[in-house]
Amino acid sequence: HEPEFDYLKSLEIEEKINKIKWCRPSNDSLFLLSTNDKTIKLWKAFEKKVLALTSFNLPEQSRAVRRTGSLSSWTGDGENSTVKHFNSVNTLKLPDVALSERLVSSTPRKVYSNAHAYHVNSIAVNSDGETFLSADDLRINLWNLHLSDQSFNIVDIKPENMEELQEVITGAEFHPSHCNIFMYSSSRGSIKLADMRERALCDLHAKLFEEPEQPGNKSFFSEIIASLSDIKFTSDGRYIISRDFLTLKVWDINMESRPIQTINIHEHLRSKLCDLYENECIFDKFEVAVSGDGSNMATGSYNNTFHIFDRHGKTDVCIEASKMESSKSILTEEVTSSVSSSHIYDDDEQMQLITPSVKTIQNYVPASVDFNQKALHLGFHPLQSCVAVACVNNLYLYGT
């Protein structure tokens, strides 16, 4: 993605990438979708083999001179000549073609643009391998991967009078196995499940997952902390995992009244919401990730820490992502963890193998909070027991 400029609205579009989603692989190539605020691109990632000629007749130094174009330095019969004399044709060797190196390359295949009036906040690939969703604050569009010049609007919550706007869309996700079912979350803390078989425009949801707020807990910050920053289906499609600023919730798709599990992540920050509002950290969007087998879920926090829970919320592995071999822990109790070593990819593209200090504790409360160190983005490997966590300009890979 490159910086763009919308001349119609006099708006500068940043090159930053908001979301990345993998598509179904084809042959030996991998495909992924990426989006910035306005433009979605389909990329082909593949391994490129670089071939080189070997087994030359001339020595290496003479070929180097030849490449410089100085003919006088490599031809002739003088004592310092580097030319090898051949008595017969049988002494000549044919050069061989050999594999020199393997490079990972990528190329854009499709560009999907000019379909969103507001900033794109999420994309979701369908299980049919043919379509995907893109969502902005007020609309959700359905695309075909092979058609970049047209899309279909399937959700539109924009009111005729913008002063009557009560909520915005914060994310959208397809069901992992039913290609006709998708869900989207809102800034009011609700999750709406829709079925594209019922109608072309899915403004009327099939199911609504929303937990009523307790009257005594209502405050100026209630709507801000209720806004959902991320939603995910488990691999079997039975459960929905949602993340807001303070909690992580597990919903049963068959029970709309309340979540079956609520896990407090930032309950210790409830008394500091005023400070978080002033430094705008209250608007941080923490992602949630679900393991391939659906048994674990992970989400980030401050101090470069992230939590890994089992689906029932009974175990909590809290890890501080750090380059140090023995990460400084701010916990008061230690429990041996199953998390072993990790790899780090920093901004210099260097890889290191570390053994972090991993400690777990229930109801983890840090002594101090560094709001500049936050783990916003993370994801599980779909098949292996591995999780990737992005903190500031570093990428950490943890495996069990």
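The legends below describe close-up views of a predicted model.

View 1

**View 2. Two residues with positive phi that are not glycines, N304 and V392.** N304, in the loop between β20 (296-300) and β21, has a positive phi of about 60° although it is not a glycine. With a relative accessible area of 10%, N304 is buried, because the cut-off for that class is under 20%. V392, which sits in the loop between β27 and β28, likewise is not a glycine and has a positive phi, here of about 55°. V392 has a relative accessible area of 61% and is therefore exposed, the cut-off for that class being over 50%.

**View 3. The salt bridge between K21 and E173.** The closest N and O atoms of K21 and E173 are 3.7 Å apart, and the two residues form a salt bridge. Because K21 belongs to strand β3 and E173 to strand β11 (residues 169-174), the pair ties together parts that are 152 residues apart in sequence. Both K21 and E173 are buried. The count for the model comes to twelve salt bridges.

**View 4. The salt bridge between D252 and R238.** The side chains of D252 and R238 meet in a salt bridge with an N to O distance of 2.9 Å. D252 lies in strand β17 (residues 247-252), whereas R238 lies in the loop between β15 (230-233) and β16 (239-243), so the pair ties together parts that are 14 residues apart in sequence. D252 counts as buried, at 11% relative accessibility, while R238 is partly exposed, with a relative accessible area of 34%.

**View 5. The salt bridge between R199 and E198.** R199 and E198 form a salt bridge in which the closest N and O atoms are 3.4 Å apart. R199 counts as partly exposed at 34% relative accessibility, and E198 is also assigned to the partly exposed class, at 48%.

**View 6. A patch of negative charge on the surface.** This patch gathers E2, E12, E14 and E15. One of these residues, E14, lies in the loop between β2 (11-13) and β3 (19-22), and E14 is partly exposed, its relative accessible area being 46%.

Methods:
Residues numbered from 1 in each chain as written. Predicted model: local features only at pLDDT ≥ 70, side-chain atom pairs only at ≥ 80, totals over all residues. Heavy atoms only, no water. Patch = residues over 30% accessible without salt bridge, like charges linked within 9 Å, V, L, I, M, F, W, Y side chains within 5 Å. Areas by Shrake-Rupley, 256 points an atom, 1.4 Å probe, with all protein chains shown as cover. Salt bridge = Lys/Arg side-chain N within 4 Å of Asp/Glu carboxyl O. Lys, Arg positive; Asp, Glu negative; His and termini not counted. Charge placed at Lys NZ, Arg CZ, Asp CG, Glu CD. Helix = DSSP H or I, 4+ residues; strand = E, 2+ residues; numbered from the N terminus. Buried < 20%, exposed > 50% of the residue type's maximum accessible area, 1.4 Å probe, protein only.
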